[in-house]
Every structure is written in structure tokens, then in C-alpha cells.
Amino acid sequence: NIKNDGCLNTEIDNTITNKENNGLININTATKEELQTISGIGESKAKSIVEYRKNNGLFESIEDIKNVEGIGDKLYETIKVYITT
């Protein structure tokens, strides 16, 4: 007998989300800490991504991350296999 107290968990479980996205990091929802798990993204760039998102809205495509200061073509080529929108 399993009793249900009627409570629903409304928090997003990032481990489930990442599995649904084939393990990719969603640059529209990731925290600074999650972004730092991407090779080539340190604390400063992760903070810039979060700030850019806050000031400009969501990224429409992963290529839009190149609009963030400090992320150019070379870094984009390195990280594009790890990210999604």
C-alpha cells in the first residue's frame, strides 16, 4: 500500500531534462554552475551568458551564444556539441 499525500513536485529535475536533451546543456535555462561544466566555459563566461540572457531574452539558436562577449567562432566550434536551446 503506497500512500500519496497529494503533494506534487513542481521543481524541474535537471538530470531528467539533460537526459531528454541527450545530455546537452540548455543555454536558455542552465545555471552559471551548469554552464561551467562545459569545456571552455569558466566562471566569467558562464556569468556573461546568464547576464546576456537576462538582458536580451532567450537564445533562439545555439549560434546566438556568439553574441555573448568573449564567445567567438573558435570557442563556439568547441562548445556547440555540448549545448542546446
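This is a predicted model: local features need pLDDT of at least 70, side-chain atom pairs count only at pLDDT 80 or more; totals for chains, interfaces and linings use all residues.
Colleague: Okay, what helices and strands am I looking at?
Modeller: There are four helices and two strands. Reading from the N terminus, the order is α-β-α-α-α-β.

Colleague: What share of the contacts join residues at least 24 apart?
Modeller: If you take contacts between residues at least 6 apart in sequence, 43% join residues at least 24 apart.

Colleague: Let's go inside. Which residues touch the most other members of the largest nonpolar core?
Modeller: That core has 16 residues, and the ones touching the most other members are L35, I38, I41, I49, I65, I71 and I79. Helices α3 (43–56) and α4 (73–79) each supply at least two residues of the core. The most comes from α4, with three residues.

Colleague: Is F59 buried or exposed?
Modeller: F59 has a relative accessible area of 4%, so it is buried, the cut-off being under 20%.

Colleague: What about salt bridges, how many does the structure hold?
Modeller: Four. One of them joins K32 and E43, whose closest N and O atoms are 3.6 Å apart. K32 belongs to helix α2 and E43 to helix α3, so this pair ties together parts that are 11 residues apart in sequence. K32 itself is partly exposed, at 26% relative accessible area.

Colleague: Which residue does D73 meet in a salt bridge?
Modeller: The side chain of D73 meets that of K66, at 3.1 Å from N to O. D73 is exposed, with a relative accessible area of 52%, whereas K66 is partly exposed at 31%.

Colleague: Where does the charged end of K66 sit?
Modeller: The charged end of K66 sits over the ring of Y76, 5.0 Å from the ring centre.

Colleague: And what does E77 form a salt bridge with?
Modeller: With K80, and the closest N and O atoms of that pair are 2.9 Å apart. E77 is partly exposed, with a relative accessible area of 46%. K80 is partly exposed too, at 32%.

Colleague: Last topic, T29. Where does T29 lie?
Modeller: T29 is in the loop between β1 (25–26) and α2 (32–35).

Colleague: Why does T29 count as exposed?
Modeller: Because its relative accessibility is 55%, and exposed means over 50%.

Colleague: What does T29 touch, then?
Modeller: T29 touches E34 and R53, not counting residues up to four places away in sequence.

Colleague: How many residues apart in sequence are T29 and T85?
Modeller: They are 56 residues apart in sequence, and their C-alpha atoms are 8.3 Å apart in space.

Terms used:
Residues are numbered from 1 along each chain as its sequence is written. Side-chain values use heavy atoms; hydrogens and water are left out. Contact means heavy atoms within 4.5 Å. A nonpolar core is a set of buried Ala, Val, Leu, Ile, Met, Phe, Trp, Tyr and Cys residues joined through side-chain atoms within 4.5 Å. Buried means under 20% relative accessible area, exposed over 50%, partly exposed in between (1.4 Å probe, protein chains only). A charge sits over a ring if NZ of Lys or CZ of Arg is within 6 Å of the ring centre and within 35 degrees of the ring normal.
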